[in-house]
Amino acid sequence: MAGVFITLEGVEGSGKSTQLLRLSERLRHLGLPLVVSKEPGGTALGRELRRLLLEPHPGGESWAPEAELLLFYADRAQHLKDVIRPALEAGKVVLLDRFEDSTRAYQGASGVPEEALDALSTLVLQRLKPHLTLLLDLDPEASLQRVEVRNLALEDFNETRFDSAHLDFHRRVRARFLAIAEREPNRVAIIPAREGEDAVAAAIWARVAPLLRTAGFAVDVERAERGGHGGNAENAEEGIK
Ligand code: TYD
């Protein structure tokens with residue numbers, strides 16, 4: 001496959017969305033052929049699944065862990081067929097907000113056994129792996145606090161669940177992400193997300209730029225400098241040519 005496949009992962013409140021936006025703006029300014037998408041909900045059908053998965057059911061029912069797992073993989077299968085594989089085959093850079101590591105971390109933390117994850121992975125991904133996964137790592141206390149502050153600002157009080165069960169779940173999710181990074185150090189880069197936004201963006205660029213260069217994309221400094229936030233500082237630091 002000719003393109004470059006990059007995923008961003010991490011717990012809620014890790015700054016993932018902000019960094020995804022910064023990185024995608026930067027790649028656009030470089031003029032790279034880019035597809036930015038997310039899971040769940042990267043296709044029209046997938047957005048229906050996203051609603052079923054993430055919006056609270058009016059009757060108060062919640063999904064069985066196995067049902068939830070199948071819905072996340074259904075979303076992924078559609079996304080792979082309609083968006084990810086065609087873009088990679090066309091030689092594009094594909095940048096995703098969450099992918100399979102989220103399933104391994106979240107559904108794994110909800111009690112889905114490893115063999116079930118492996119079986120679905122084999123069926124749906126057929127050995128496709130991202131070239132690079134950026135894991136924004138933050139301790140759950142800090143990440144949930146960020147989420148809480150954001151929700152209070154939005155007056156979205158229903159979403160504030162800063163209780164001990166929630167904290168414990170997030171600890172397990174984080175541990176699973178870190179275990180994946182330990183197993184696959186060549187694919188997964190741990191990016192400490194406690195640093196300021198610019199430092200995190202620079203750390204991300206330090207991993208992305210060499211990959212793009214190796215893939216034959218021109219990561220040229222002139223155009224990047226005209227691009228988004230903090231372009232100058234980051235380029236100067238990394239000496240991107
Ligand atoms: P989203 O609103 O996209 O928020 P975030 O900014 O945290 O990505 O929510 C996605 C939620 O779905 C998030 O709580 C993680 C969860 N998720 C899973 O549990 N399994 C998965 O496979 C994926 C892709 C997401």
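**View 1. Helix H1 up close, residues 16–29.** H1 packs 14 residues into a run that reaches 20 Å from first C-alpha to last, close to the 20 Å expected at 1.5 Å a residue (the expected span being 1.5 Å times one less than the number of residues). Helices here are DSSP runs of H or I with at least four residues, strands are runs of E with at least two, and both are numbered from the N terminus. This is a predicted model, where local features need pLDDT of at least 70 and side-chain atom pairs count only at pLDDT 80 or more, while totals for chains, interfaces and linings use all residues. Residues are numbered from 1 along each chain as its sequence is written.

View 2. Lys-16, Gln-19, Leu-20, Arg-22, Leu-23, Arg-26 and Leu-27 are buried (20 or more other C-beta atoms within 10 Å of a residue's own; 12 or fewer is exposed, in between is partly exposed, and C-beta atoms are placed from the backbone). An α-helix has 3.6 residues a turn, so residues three or four places apart point the same way. Just after H1 comes Gly-31, with a positive phi of about 75 degrees.

**View 3. Around the ligand.** The ligand has 13 residues surrounding it, and the closest are Glu-12, Phe-72, Ser-102, Thr-103 and Tyr-106 (near means a C-beta atom, placed from the backbone, within 6 Å). H1 and helix H4 (100–109) are the elements giving two or more residues to this shell, and H4 supplies the largest share, four residues. By type, the shell splits into four nonpolar, four polar and five charged residues (nonpolar: Ala, Val, Leu, Ile, Met, Phe, Trp, Tyr, Cys and Pro; charged: Asp, Glu, Lys and Arg; polar: the others, Gly among them).

**View 4. Strand E1, covered both ways.** Seven of seven residues in E1 (residues 4–10) are buried. Val-4, Ile-6, Leu-8 and Gly-10 point one way, and Phe-5, Thr-7 and Glu-9 the other.

**View 5. The strands paired with E1.** Five bridges join E1 to E3 (residues 93–97), and the two run parallel; Phe-5 has Val-94 as its bridge partner there. E1 also runs parallel to E4 (residues 132–137), again with five bridges, and Leu-8 stands opposite Leu-134. Pairing takes at least two DSSP bridges between two strands.
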